[in-house]
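Here is a short walk through one structure. Keep the sequence and the 3D view side by side as you read.

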Amino acid sequence: FPDSDERPMVMAGIGSGLAPFMAFLRDRWWKNQHGTRVGPMALYFGNQYEKKEFLMEEELKHYAKEGLVHLRTAFSRDDPKKKIYVQNLMKGEPELLFDLLVKQKGSMYVCGNRNVPKPVEGSVKHALMEGGKMTNKQAEDYIVEMYTTGRFNIESW
């Protein structure tokens with residue numbers, strides 16, 4: 001967990017990988033309700049079908065409406081002509097990710113099957129290069145530093 005409730009958290013997960021992020025959101029929501037300042041949160045959540053698999057939809061939309069979390073969703077099978085995944089959504093917001101992860105020293109959390117971490121890491125690298133104008137080497141070094149300092153965390157199966 002970040003060293004401060006005010007540190008940003010960026011979360012990317014699919015399917016049941018949402019579970020730990022719900023705990024993060026509930027923790028910060030409760031703290032915020034009881035007077036503790038909390039930092040920004042961004043959640044990139046994906047599944048196959050929105051109608052059948054938008055897990056925790058009402059609660060997530062409530063947190064987004066309250067301003068607790070920047071919520072972006074990807075449902076990869078809703079449009080058979082264009083599959084959208086969480087990493088695609090992340091690539092579309094390089095300035096936001098650069099701000100949260102670099103300028104504000106936020107933490108990155110990834111949760112999902114074994115196919116999720118590498119593309120998400122690639123999207124973070126893209127954000128560092130596009131949003132922060134880092135070179136490829138600088139972006140790679142920054143991600144390594146995030147891993148070694150506990151700011152880039154993966155739970156994958």
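Contact means heavy atoms within 4.5 Å. Keep that cut-off in mind for the helix pair below. The model is predicted.

Start with helix H6 (117-132) and helix H7 (136-148). Their axes come within 9 Å. They cross at roughly 125 degrees. Angles of 65 to 115 degrees count as roughly perpendicular, and those over 145 as roughly antiparallel. H6 and H7 are therefore oblique to each other. Their crossing is right-handed.

Which residues of H6 and H7 meet? On the H6 side they are Glu-121, Val-124, Lys-125, Leu-128 and Met-129. On the H7 side they are Asn-136, Ala-139, Glu-140, Tyr-142, Ile-143 and Tyr-147. By class, this contact has 7 nonpolar, 1 polar and 3 charged residues.

Now look at the loop between the two helices. Lys-133 is found there, between H6 and H7. Its phi is near 60 degrees, a positive value in a residue other than glycine. Most residues other than glycine have a negative phi. Is Lys-133 buried or exposed? Its relative accessibility is 65%, so Lys-133 counts as exposed, the cut-off being over 50%.

Lys-105 lies in the loop between helix H5 (94-103) and strand E4 (107-112). Phi of Lys-105 is near 55 degrees, again a positive value in a residue other than glycine. Lys-105 has a relative accessible area of 36%, so this residue is partly exposed. Buried would mean under 20%, and exposed over 50%.

Conventions. Residues are numbered from 1 along each chain as its sequence is written. This is a predicted model: local features need pLDDT of at least 70, side-chain atom pairs count only at pLDDT 80 or more; totals for chains, interfaces and linings use all residues. Side-chain values use heavy atoms; hydrogens and water are left out. Helices (H or I, at least four residues) and strands (E, at least two) are DSSP runs, numbered from the N terminus. Buried means under 20% relative accessible area, exposed over 50%, partly exposed in between (1.4 Å probe, protein chains only). Axes are lines fitted to C-alpha atoms, for helices over the stretch in contact, and angles run from 0 to 180 degrees between N-to-C directions. Angles under 35 degrees count as roughly parallel, over 145 as roughly antiparallel, 65 to 115 as roughly perpendicular and the rest as oblique. A crossing is left-handed if the near helix is turned anticlockwise from the far one by less than a right angle, and right-handed if clockwise. Ala, Val, Leu, Ile, Met, Phe, Trp, Tyr, Cys and Pro count as nonpolar, Asp, Glu, Lys and Arg as charged, and the others, Gly among them, as polar.
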